[in-house]
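Hi,

Here is the structure I promised to pass on. Have a look at it first, and then read my notes below.

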Amino acid sequence: MKHQPKHQIRAVAKYIIVIVSIGLFLEGVNAAQQFEKQPEYNEVNPGQESRLTCKILNKKGQCSWQKDNKPVGIYLGKYEWAGNPDVGDCSIRVLSAALEYDDGEWECQVTASDFAAQDALTSRPVKLVVRVPPNAPQVEFNGTLVPMGKNLTTQGGYRASVKCISRYGNPPPRLKWFVGEDEVVGVNQTNKTEEDNPKKWSAISILDYTFQKGQNGKALRCVALHEAYPTKSRDTQVILDIQYGPEVKLIGSPETDLEENKTQVTLRCIADANPPAQVTWRRIGGSQAYSFQETVEFRPLVRKHAGTYVCEAKNFLGNAQTSGIVIDVKYPPKITGVRPDGKVTASLYNRTVLQCQADGNPPPTYQWLQKMTANEEMVYIRGSDPMLVIHNVSYDYQGKYICKATNVISGSERTTQSNPIDLSVYGAPQIMRHSVEREVAVEKGGLATMNVIFCSNPAPSKAIWEWGSLQLEAGYPMGRFKADKIEKTNRDDCYEAKFRVTDADNSDSRHYYLNVENDRGIDKYSVNLQVRDPVAMSTVIVVIGGCLILLVIVVLVILYAFRAEKWCFFQRGDFKPTDLESEKSDMDGSVRDHNQQNNSKSGFATIPQSELQFGHHHHHHHNSGSGGTRKHRLPEPILPPDFHIMKQQRNERSFRGRTYPTEPKKDINYADLQLPKTSNNGSMKKSRNQQYLQQEQLQHHLQQQQHQHHLHHQQQQQQQPPQHSSTPVRRVDYAEIQFKPKVNEQAEV
């Protein structure tokens, strides 16, 4: 097959397709006709068009329709084919539907394809309904028609039957019940044809329901749903009038303290009853009824209203009564008088008195409040006594004064205020120095403005600015200088004066004086103007940099001083700054010997024993031979008379808190000695110059001792031959020198 030509394959395919088509055609020719789609229930409004659908498969017979078991012909403009019957669409259109012609049961029929085939078709009957809107529903109760909007009266808690009827509709409407906005479900409905018109229907729904008092006043509605209504529904409603016995509720029972002449108490006795109950108010202890009204008002509440009240309500179904309500009357403060009344005028710098009296329980406290102007929100407290005494009246005290009385009732403040007293100040001008700048600074070339606030009653007659030998009255210019007109401020009898200097120069730096005058006196005020050269940015940078450098230096110096002082105290051990002011650094010129190489410690001078002068006779011991070494005992050093020497029990010496060993045959180390000759009037402090002078004297004294010792030694060698003496050698002991200066005392040894 795969070697056959392509035109042979195509010819075989066409042959197969033709055979299959013929087979299908023969199958269709031999198939029986049947319904593809049957007619269905349909509703139509009067005058509108309706379509009844009927479709046939393998149709071979003729299509036809019948209504209510009677044939219906095809009439142009009334009954027309909706499709093509030849291809099996036997649907029909019903035009201008009318109840008397078109409403009924319709059937679609097809005749048999052959008398022997017996395949005629008849559809199931379907209803074509030509709608007719029913009448509006109506409500009946106990066999009586209840007009729309009227009351339906029944007793609460008892079962009632209410009927809703809607007549002459096609098809019958569907009825629903509503109590208020809530639908009542599960209500049965009965439909039947009208006796006088069988093509129309009557719908009846009966509501068996137990109404409660909470539904009193609500609407009971019956709603009829029908497609022929323009709005698809119509309803009727009546008002439920549910009767029940009274229940009493009290409104307005006081929960806080009651204040006389301020609190308004309104008590309402709400009697929930139908029909309405008769309300009666009674005061316990009273012989008669207090009121027959539902509401009792105490306006204003006074002490005579105090008592216990009860409310009673009654109708034919029963009665009810409230518990007692206690009215306990208290009263807050009340202003009984203020003096002077209305307006008062006080002279400047004089004395004036305002008085206030108030009644209250408990006794009130007082405050005098001042507002300088009516529109000002700031309030000043001027006093806290019933009497306000102003000893030195100024324009700051001008304004409206209110006496405020306050007491506390059950932890809550109660306040009342008096009518305002208008205090007016009369006198010479007064500059408000507390609100005026005394100095104005401006850069050179700028605009300097000096503002001065002052008060005056009567109004100022003259305002003059003075500087140097010049004067300028308010409202006039003078070159670069201008004195603005006096303008009123928002405070009564107060004004503002302005003085301007244009293109200010250094020569304008001075005091400018404002003289304000009226027929009661004069006041004067000085404003200092400072004109400064503008600071260049480079100068600002240099100044800031210098300040930073100076700050760093100061911090470093402080750190250095702290560390140095700490090291000094560490070296001295038990030294206290109050002992002596002189430090070791003050003794740079301490005693030095020519034999510098024997120094063992810095700050110490070592004096060889051979150079010390003896204070007693002694013998020289010579070895044989002229070259022998000469030995002798150390002489006692000749010290200045200022040195007080004392023995120390142990084998040590100390100077100013330092210890030095006293081993024999070693050089003696003398610390930098500082030995005051006087007490310096009770103080051991010396100036640096005195210390240096004492050091030089000590050096000079030691040099003289060395020189005298050398000369004396040479003379002894020349005059006396060497010999041994039986005189014992005197031992030299060295003592410790301690200085303990105290206040107002000399140094102790």
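Is Met-537 buried or exposed? Met-537 is exposed, because its relative accessible area is 59% and anything over 50% counts as exposed. Keep in mind that this is a predicted model.

Met-537 sits in helix α3, which covers residues 537-572. On the surface, Met-537 is part of a nonpolar patch with Val-535, Val-540, Ile-541, Ile-544 and Leu-548, and together they have about 590 Å² of accessible area.

Now for the inside. In soluble globular proteins, nonpolar side chains tend to be buried together. Here, the largest nonpolar core has 27 residues, and Met-450, Trp-465, Phe-499 and Tyr-512 are among those with the most contacts inside it. Strands that each supply at least two residues of this core include β41 (448-457), β47 (494-501) and β49 (521-532). Among the contacts of Tyr-512, leaving aside neighbours within four places in sequence, are Met-450, Trp-465, Phe-499 and Leu-529. There is also a second, separate core of 23 residues, which includes Leu-354, Trp-368, Tyr-395 and Cys-403.

On to the charged pairs: the count comes to 21 salt bridges. One of them joins Asp-508 to Arg-480, with the closest N and O atoms 3.0 Å apart. Both residues lie in loops, Asp-508 between β47 and β48 and Arg-480 between β44 (476-478) and β45, so the pair ties together parts that are 28 residues apart in sequence. Asp-508 is buried, at 4% relative accessible area, whereas Arg-480 is partly exposed at 30%.

Cheers

Methods. Residues numbered from 1 in each chain as written. Predicted model: local features only at pLDDT ≥ 70, side-chain atom pairs only at ≥ 80, totals over all residues. Heavy atoms only, no water. Patch = residues over 30% accessible without salt bridge, like charges linked within 9 Å, V, L, I, M, F, W, Y side chains within 5 Å. Areas by Shrake-Rupley, 256 points an atom, 1.4 Å probe, with all protein chains shown as cover. Salt bridge = Lys/Arg side-chain N within 4 Å of Asp/Glu carboxyl O. Helix = DSSP H or I, 4+ residues; strand = E, 2+ residues; numbered from the N terminus. Buried < 20%, exposed > 50% of the residue type's maximum accessible area, 1.4 Å probe, protein only. Core = buried A, V, L, I, M, F, W, Y, C linked by side-chain atoms within 4.5 Å. Contact = heavy atoms within 4.5 Å.
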